[in-house]
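Q: Could we go through this structure together, starting with the charged side chains and then turning to the helices and strands?

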Amino acid sequence: MRNPLSKKIVEIKPSGIRKFFDIVTEMNDPEVISLGVGEPDFDTPWHIREEGIYSLEKGRTFYTSNAGLMELRKEINNYLTRKCQVSYDPAHEIILTVGGSEAIDIALRAMLDPGDEVLIPQPSYVSYEPCTILADGVPVIINLKEENDFRLTKEEVLEALTEKTKVLILPFPNNPTGSVLRKKDLEEIAQVCIEHDIFVISDEIYSELTYGEAKHVTIASIPGMRERTILINGFSKAFAMTGWRLGYACGPGNIIQQMTKIHQFAIMCAPTSSQYAAVEALKHGDQDVEMMRQSYDQRRRFLIKTFRDMGLHCFEPFGAFYIFPSIKNLGMTSDEFAAELLKEEKVAVVPGTAFGDCGEGFLRISYAYSLEELKEATGRIARFVERRKKLL
């Protein structure tokens, strides 16, 4: 019998994040605390849910246009103009997708020819590399360095460039490290992209969850970059709408047109009730976002201090809702630490290697949990760390 499976698909490794989720699920132990989920612990704000419910009650259950509700596309443009000082034509330069993940996938498929190289800074979100492979591109990994606070530098981009480089993925604010890029960093990277004719896929799903005095900046707002950038964002993180599965992509009309073609054949349109709810989120959700951001910031500061008090080095992240502490001084691999911690203290974390080989020696800790849960979990981790130190 002929092998029914694609060699390309078989060779792609499954998500390293799911490995520990599956172990926790199989344990079925109520005492286990998981710090691994990249999902807000807040409910979707009620006024947003109410709008989704109202859309169902009004019978708004039909397909929207392939690109999404025009009303929502207009609100996305208003939002980006207000927040990021960049604007897009709602009719031709914005598409609604099933989460930001679909936007990443169809952007790569629309832009790559076989053999085109894609620069992917790591540690980073698990989908970039496999989506590049699925689009017949060639992933070129840039290993981010802890001494640079896991920021991408102009020099690292230049070192990775070849004649086949076509796309640079900018995953900032970053999952799993929480690292951000400031305007100066982006200006230097933009200069390289313009000089070498590189396109950018800028994943800004955590843009609202930025801490400190400096605000989030999109590379699309830098002169010369709007025409070569696909800006990806969505509603999952900032508005606590993960299950609504709604994201969007903005960019040059010729690229968005081809992304819409793929979306048309594979998906048809994003969920209709989610789109109506998203209109409400963008119009009246700023206070909700700020309330959640302040809560995350409190948890962020608590975890940084707590892990440093344990004697584990932890650079200060200024984005997303993760910290990325180093365990290199404990004589264990990231996988060993995560497995033994789960076994001995019933706390689940994600090993840094789930986000790239250069994540070895680190853990991703999510603070999308209540302060009470974080205090209990870090107390258990501190006990585990002390026992490990005594064995060295």
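**Salt bridges, a helix and a strand**

A: Glu386 forms a salt bridge with Lys389, and their closest N and O atoms are 3.9 Å apart. The model is a predicted one.

Q: Where do Glu386 and Lys389 sit in helix H13?
A: Both belong to helix H13 (residues 371-391), where they are 3 residues apart and therefore separated by about one helical turn. An α-helix has 3.6 residues a turn, so residues three or four places apart point the same way.

Q: How accessible are Glu386 and Lys389?
A: Glu386 is partly exposed, with a relative accessible area of 41%. Lys389 is also partly exposed, at 30% relative accessibility.

Q: Which residues do salt bridges with shared partners join into one network?
A: That network consists of Asp297, Arg300, Arg301 and Glu316.

Q: And how many salt bridges does the count come to?
A: The count is 24 salt bridges. One of them pairs Lys346 with Asp29, with the closest N and O atoms 2.7 Å apart.

Q: Changing topic to helix H9: what span should its 14 residues have?
A: At 1.5 Å a residue, helix H9 (residues 253-266) should span 20 Å, and its end C-alpha atoms are 20 Å apart, which agrees.

Q: Which residues of H9 are buried?
A: The buried residues of H9 are Ile255, Ile256, Met259, Thr260, Ile262 and His263. They cover an arc of only 165° around the axis, so they lie on the same side of H9.

Q: What do those buried residues pack against?
A: They pack against strand S2 (94-97), helix H5 (99-111), strand S7 (229-234) and strand S8 (247-250). The face of H9 turned away from the buried side carries the exposed residues Asn254, Gln257 and Phe265.

Q: Which residue with a positive phi follows H9?
A: H9 is followed by Met268, whose phi is near 90°.

Q: On to strand S5: how many of its residues are buried?
A: In strand S5 (residues 165-170), 5 of the 6 residues are buried, so the strand is largely enclosed by the rest of the structure.

Q: How many bridges join S5 to S3 and to S6?
A: Strand S3 (residues 117-122) is joined to S5 by 3 bridges, and the two run parallel. Within that pairing, Leu119 stands opposite Leu168 in S5. S5 and strand S6 (residues 199-203) also run parallel, joined by 4 bridges. Ile169 has Ile201 in S6 as its bridge partner.

Q: Through which helix does the chain cross from S5 to S6?
A: The chain passes through helix H8 (residues 183-195), and this β-α-β crossover is right-handed.

Terms used: Residues are numbered from 1 along each chain as its sequence is written. This is a predicted model: local features need pLDDT of at least 70, side-chain atom pairs count only at pLDDT 80 or more; totals for chains, interfaces and linings use all residues. Side-chain values use heavy atoms; hydrogens and water are left out. A salt bridge is a side-chain nitrogen of Lys or Arg within 4 Å of a carboxyl oxygen of Asp or Glu. Buried means under 20% relative accessible area, exposed over 50%, partly exposed in between (1.4 Å probe, protein chains only). The expected span of a helix is 1.5 Å times one less than its number of residues. The arc is that of the directions from the helix axis to the C-beta atoms. Contact means heavy atoms within 4.5 Å. Two strands pair if DSSP finds at least two bridges between them. A crossover is right-handed if, with the strands pointing away from the viewer, the path from the first strand over the helix to the second runs clockwise.
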